[in-house]
Amino acid sequence: MSRLTFIAEAQATIIVTIAYVILFVVTFGALMPIQAQFFDWLPMSISLLFLPHGVRVLAVYLYGWRAILYLLPGHLVTWGYLRVFLESEQGIYSALISICASFLAVCLVFRTWSSHSDSQLRSHWLLIIIAGAVASIGNGLGHAIWYGSQLDATWITLMLGFFIGDVSGLFFLLMLLIAFNKAIRQHGAKSS
């Protein structure tokens, strides 16, 4: 591996890790406490705007199979946070289930495991949302199988809550990226 390739891979890993961790902290530290004020009947494990799911799906969309490696450090950091500070009983394999579900969903919807250009975001937004929805369902099923959960009414209710949070988080991030790309293009056209 050349030095430039190593630097590019390290930069992508750092960017994805920082994005995942920051949006995880924003979700658990700010959004979920606000949500609890209005939806106190919801379990604290459900976020109606789960931004990290958007990072997973968009990372796979933008980086292809390499996103699996880029996502691991962020997942490990947030797993540690959940384990230490929130006393979560989720195992380390939860991260792998979530990453694999996102990877497989994007591969299924786009029928490739290669990366896509960020300039294609605007034209692919609906397919990205569909991939995020499939990833959310796959993530829920993967966790149910791994932890031996019953596929009953309680599980379906939790899955619906996670599904809403995952898809809305992805949609929110996707719209931000599209707006950001548009602003960059407009700024580039003005300065030319």
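Phenylalanine 110 has 14% relative accessibility, so phenylalanine 110 counts as buried (under 20% relative accessible area, with exposed over 50% and partly exposed in between; 1.4 Å probe, protein chains only). This is a predicted model: local features need pLDDT of at least 70, side-chain atom pairs count only at pLDDT 80 or more, and totals for chains, interfaces and linings use all residues. Residues are numbered from 1 along each chain as its sequence is written, and side-chain values use heavy atoms, with hydrogens and water left out.

Now the ring pairs. The structure holds seven aromatic pairs (rings of Phe, Tyr and Trp, the last by its six-membered ring, with centres within 6.5 Å; planes under 30 degrees apart are stacked, over 60 edge-to-face, the rest tilted). Tyrosine 20 and phenylalanine 24 have ring centres 6.4 Å apart and planes at 25°, so this pair is stacked. Both tyrosine 20 and phenylalanine 24 are buried. Ring pairs join Tyr20 and Phe24 with Phe28, Phe50 and Tyr81 in a cluster.

Tyrosine 61 and phenylalanine 110 have ring centres 5.3 Å apart and planes at 55°, so this pair is tilted. Tyrosine 61 is at 0% relative accessibility and therefore counts as buried.

Next, the helix packing. Helix H1 (residues 3-38) and helix H2 (residues 51-63) pack at about 160°, their axes 8 Å apart (helices are DSSP runs of H or I, at least four residues, numbered from the N terminus; axes are lines fitted to C-alpha atoms over the stretch in contact, and angles run from 0 to 180 degrees between N-to-C directions).

How values were computed: Helices (H or I, at least four residues) and strands (E, at least two) are DSSP runs, numbered from the N terminus.
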